Amino acid sequence: MSMKIDRRSFLALGVGGAVGTALTPLPWKIQDDLAIWTQMWPWTPDPPGGANTYVNTVSPLCGSGCGVTVRKVGERAVKIEGRKDFPTNEGGLCNLCAAGLQMLYGPTRVPFPMKRIGERGANEWQRISWEEAISMLAEQLGEIRQAGQPETVCCLSGRRYGSMPDLLKRFMTAYGSPNFTVMPSMADGYDMMLKRMHGVEGRVGFDLGKADYILSFGSGLIEGWGNTAYMIRINSLWKENNATIKQIEPRLSNTAAKADQWIPITPGTEVLLALGIAYVIIKESLYNYDFVNNYASGFEALRSFVLSGYSPGNVAKQTGVDQSTIVTLAREFARSRRPLALCGRGQGHVPGALGGYVAVHLLNALVGNINRPGGVWALPRPAMEGWPEPMLDAQAQAGMAKPRLDGAGGPAFPFAEQLANRLPQAITAGRPYPLKALLVYEANPVFSMPGAAAVRQALQQVPFIVSFATHMDETAAIADLILPNHAHLERWDDVAVTAGYNRPLVGLAQAVVAPQQDTMHTGDVFLQVAATLGGSLAASLAWNDYAACLQEGHAAHWADLEENGYWLDRSYAPETWSFAFPTPSGKFDFTASDGDLKALFAPIPAEGDGGSYNLKLIAYDSVRIANGAVGSPPFLIKTVSDKVLEGNTLLVDVNPETAQAAGFREGDAALLKTPLGSASVRVHLSPDLMPGLVAIPRGLGHTAYDDYLAEKGINANDLIGPVEDPASGLDATWGILASLVKA
Amino acid sequence: MSKSDDTKHVAGERQEKAPDTSGTGASILLFFVIGFALSLVVGWGIFPKLLYSKKKQPVDFNHAMHLELVDEGCQSCHFFRADGSFSGAPTLAQCIGCHDEMQGDTANEMNFYENYIQKDREVPWLIYAKQPQCVFFSHVAHVKMANMDCVTCHGFIGDSTQLPIYEQNRISLYSRNIWGKNIGGFKENTWDRMKMDDCSECHVREGVRQASVQTAKGGCFVCHK
């Protein structure tokens, strides 16, 4: 019998092989290994193993100053958690802070000091040494001072209180420039209101936990207003205590959705509603007689002003809020045990007109809820008490005598301390003098100031811009010199917890991890520049390093700071009414320092011509999108709803009624136009918004940062510009006229 | 066409092919057997050799010798931290207690002393029992609460005088100890394998709570958080 090998033999070989293979572990083992291999993607973060250590610090990432506990494995920070025994957040944390490790280890850090070598904004840089960087800065500042023009240097800080802004201000003072300024916020409005009504140079605090009726004029109470994590805790407390929350704003924000009542209002008319409520309280004699008669002045003037034009009927017509609602709000407010009226739109990044602060605060005053439990308190501002007075030589004195660029404290705006919103126009106009150098610390004005294009244009005119940015943001991108600061978990710092907290509280930030990049503490940079410049500057900033200057400033509380990580004046009590108001009359001033009440309370119209624009565009703040000095890290952007952002395209909220009238359906492409420009968007029908409005979030449309953030959506500040409040100089913007046309 | 024609035709065809039929059948059988046998050789013999790469530990460690010198058995070096987490392989900080000076003059000790102690570099131990990332394993639950001894899962490694060669799965990148030495997955002792079935075998037998403490959800969530 002969063997014949053919096709079938090989088939048999294959079948035999298959049967045999099925009887070996090979196929099953490979399947199992492949399944496990999918657990081992190289991009899956694999936290290092080892012993956990915990370091307490405060986060200087946003202004809240929450206490955090950083979990470390070895030298690596692996998790940021809320510090459970910190007085404000008590273990809570906002999502920006929770994503903070991406700000520390992410790729958008400025890795080393750099000088610009290409055109401005061309993103061409050359690495330089720290010695060269500091001598470049010192040389420029030295030359300007030598020329007798120290006032032509401006320092813009994103932070208001604490050792760093105080150190920068001290440097500027000793250098001879009055132009130290802070990014605008609702603190400007509240501060100015305190000056004019209380006669106090201080800050406001709210005894939030004890309030039982909260009338919020558009404040995003659980969306980043004040101290984010603390406010979420306070909101829970309000629910437990059955406090009533009334939210007044044109859009059903999260705060409005969780409130007892949402009162939609025509944007920009909030001041009228407050006066309408005051009208009912005065007319029905529901106010606190003791406070009004014995501790306040100007009540008669206010009374006749309010009664002459702000009847609920009148106010209802202009605000869109029912007459009966106005009367009910007034009666409920006045009859509550501890009513509290709050303002500061959204997160309070755009202050709004002074009239709004005064109108809302006079409601608190009418019910006598000032410096009382559950009320509004005037507190002293945090200060570096341990520092000696700075020394001013003749040059410094001459410079400090010059008017400020932004006009704050000048004849037009005597009550203002800073009006950063007026800087761009002053720079562009070159009046009262041209700006020669701008130092930017923890601020990103090119992105986060309304009218961003005009801000960029103004800054382009400044011959020398120095950024101390930790991350490559839009302002750093047009700087001449970037001297990167340590990131938030790499540096010693202090955060004066203000943002409406009603006790003096300072948190100490410590270096949780060693600097990951070739960065330097901005405090040390200024100390070295001062030493290089010599003279009274060196004498005024004579500390060996920033740590020493931090410690000396807080000398009185340093032991507490070192031991607990914070200092809290638990026993702080506000002044009683007899001593609380150092005004000329010694009383609370209902007329806000004889201001022209009519001018003060005049609603500020939005920019634009009603003929060509039939809608109003408003911007809102979301707790899911960082819109301050730092951009959203990837973890944060992941939380943005696909009703807001689809890919890189922004969806704008439009009321279905309005959309239908304009022929838009859900998801339609559209061109959103305002007097400042236009942007391609898509339409999202949202009954959460009053008709006639378009709403977009703040904090998107970055051009800087990484692929997770850049080019996503549009920057609200590109479409909405600033509008100056004639009474105060503050930015009164609440929106802009707009149109939505089919694309 | 008639029936006989048809038959004839078929028969004729059969006649044509007939001489080859038996040869083909034999070759099919033979090839089947060859394929069968070869695949068994590959599957049981060659495949395991290809699947695993062999790595030597950076330092050869004598467990038996060290165990004689310490007071608290395995836990002298593999201990529980204050927060209840398990320390696993010792860090340099633990070794340095004795090895801040060279202990003897073996090549192995020289290697350890010069390359790690003197350079203050952690030894990159290869961990035989490292579970995949999706597994949450708590030593404290097994050792302190269930009073299990180390041997039940790790075998008699404590008696060894040399560290075994670390075999790494080329696909999954994990240690061979998880699947076990036997490529067929057969085991004789509890410590021969560390796969999910081995965990659950004991969990079922011992009546371990079949729900996660954290999520109160069923069996999977006990280990897969």
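Two strands count as paired if DSSP finds at least two bridges between them. Strands, like helices, are DSSP runs numbered from the N terminus, with at least two residues (E) for a strand and at least four (H or I) for a helix.

This is a predicted model, in which local features need pLDDT of at least 70 and side-chain atom pairs count only at pLDDT 80 or more, while totals for chains, interfaces and linings use all residues. Residues are numbered from 1 along each chain as its sequence is written, and chains are lettered from A and ligands numbered from 1 in the order in which they are written.

I start with the sheet. Chain A has an open sheet of 3 strands, antiparallel, in the order S1-S2-S3. S1 (52-58) and S3 (76-82) of chain A are the edge strands with a single partner each, so each has one side without a neighbour in the sheet. S2 (residues 67-73) of chain A pairs with S3(A) over 6 bridges. Within S3(A), Gly82(A) is the bridge partner of Val68(A).

Next, helix H15 (residues 354-366) of chain A. All 13 of its 13 residues are buried, so the rest of the structure largely encloses H15(A). Buried here means 20 or more other C-beta atoms, placed from the backbone, within 10 Å of the residue's own. Just after H15(A), Gly368(A) has a positive phi of about 70°.

Last, the contact between chains. Chain A puts in 35 residues and chain B 35 residues, contact meaning C-beta atoms, placed from the backbone, within 7 Å. On the chain A side, H1(A) gives the most, with 12 residues.

Notes. Contact = placed C-beta atoms within 7 Å. Buried ≥ 20, exposed ≤ 12 C-beta atoms within 10 Å, placed from the backbone.
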